[in-house]
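Good morning, and thank you for coming. Please look at the sequence and the structure while I speak.

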Amino acid sequence: MGKTRDAEELLARSFESNRPRLLRVAYTMTGSLVEAEDCVQEAWLRLRGLDDPGSVRDLAAWLTTTVSRLALDVLGSARARREEYVGTWLPEPLVEARSHDPADRVTLDESVSMALLIVLERLSPAERTAFVLHDVFSVPFPEIAEVVGRSPAAVRQLASRARRQVENGRPRTPVTEAEQRELVEAFVAACQEGDLPGLVALLDPDVVVRGDGGGKVATLPNAVRGAERVARLMLARAQIEIPVDMLVCEVNGAPGLVVRNGDGELSVLAITMDAGLITAIDFVRNPDKLAKVPDLG
């Protein structure tokens with residue numbers, strides 16, 4: 001009995017040591033932290049359900065394959081749901097306080113940036129799986145082939161096609177974290193001061209703003225493009241929905257904003273930058289996607 005309990009405790013510890021990576025795999029594949037957590041929990045149940053979990057020679061590889069298969073299933077069913085989604089669908093934001101212990105962070109690098117997740121939405125489930133597992137998590141092609149049910153050569157082609165699309169959608173001249181933070185703080189100041197010229201100067205000429213309310217709260221019906229239009233829109237929103245709290249925090253691994261208005265409604269802004277200018281502002285207002293936002297006050 002003692003040996004069995006010891007074995008279960010060892011298995012649980014081994015699983016927990018893999019959990020951050022598994023969450024990141026599932027989140028990058030699905031764009032949903034809720035669905036990612038469900039995939040990871042299901043992988044744990046399947047591991048415990050094995051006749052002899054100790055016989056798994058490479059636990060990390062087994063777990064990655066299992067979580068990836070589960071996430072691929074989620075992607076297939078999510079496509080139909082997202083076609084019926086009211087308004088623009090954006091990934092669920094990952095919000096973190098900057099003081100978080102790095103060991104607890106799911107967001108470890110730009111692989112889960114909002115910009116990348118939005119580009120990944122354009123890929124087929126198989127392409128997304130091949131790219132995420134190979135290019136982000138360095139999983140060998142033969143192992144990915146088991147996940148998607150194709151040959152290693154076919155998986156290599158999937159990853160290559162995905163990579164071309166991802167490269168076209170990524171910032172070409174990334175800014176440093178200090179530059180990102182400075183730009184976000186200047187953005188906040190311009191919005192608070194109603195400084196239209198100052199705000200326009202921070203925006204790329206082709207900047208885009210997208211909003212996700214899920215049909216539950218008011219937001220943009222369609223994306224808005226162009227520095228002047230976006231700046232006027234942001235200033236108008238700041239006047240109509242006067243923020244009670246506006247906090248700079250980590251949103252998908254980069255400085256972003258958590259905003260609460262006088263009605264208590266929450267918005268999370270992910271801000272993408274390239275060559276020293278803001279190229280995209282994605283704000284999520286759907287309360288279903290903000291349940292995991294920590295209290296940063």
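I begin with a definition: a residue is called buried when its relative accessible area is under 20%, exposed when it is over 50%, and partly exposed in between, with a 1.4 Å probe and protein chains only. The model is predicted, so local features need pLDDT of at least 70 and side-chain atom pairs count only at pLDDT 80 or more, while totals for chains, interfaces and linings use all residues. Residues are numbered from 1 along each chain as its sequence is written, and side-chain values use heavy atoms, with hydrogens and water left out.

Let us apply the definition to one residue. Is Val-147 buried or exposed? Val-147 has a relative accessibility of 9%, and therefore counts as buried. This valine belongs to helix 6; helices here are DSSP runs of H or I with at least four residues, strands are runs of E with at least two, and both are numbered from the N terminus. Which residues does Val-147 touch, leaving aside those up to four places away in sequence? They are Thr-65, Ser-68, Arg-69, Leu-72, Thr-129 and Leu-133, where contact means heavy atoms within 4.5 Å. Ala-130 is 17 residues from Val-147 along the chain, and their C-alpha atoms are separated by 9.1 Å.

I turn now to the nonpolar cores. Such a core is a set of buried Ala, Val, Leu, Ile, Met, Phe, Trp, Tyr and Cys residues joined through side-chain atoms within 4.5 Å. The largest one has 48 residues, and Val-67, Leu-120 and Phe-131 have the most contacts inside it. Among the elements that give two or more residues to this core are helix 1 (2–30), helix 3 (59–83) and helix 6 (141–148). Helix 1 supplies the largest share, eight residues. Beyond residues up to four places away in sequence, Leu-120 touches Thr-28, Arg-128, Phe-131, Val-132 and Val-166. A second, separate core has 29 residues, including Leu-199, Val-230, Val-259 and Ile-271. In soluble globular proteins, nonpolar side chains tend to be buried together.

Finally, the whole protein. It contains 10 helices and seven strands. Its radius of gyration, taken over C-alpha atoms, is 21 Å, close to the 19 Å that the globule rule (2.2 Å times the number of residues to the power 0.38) gives for 297 residues, so the protein is as compact as a globular protein of that length. Of those 297 residues, 48% count as buried. Among contacts between residues at least 6 apart in sequence, 66% join residues at least 24 apart.
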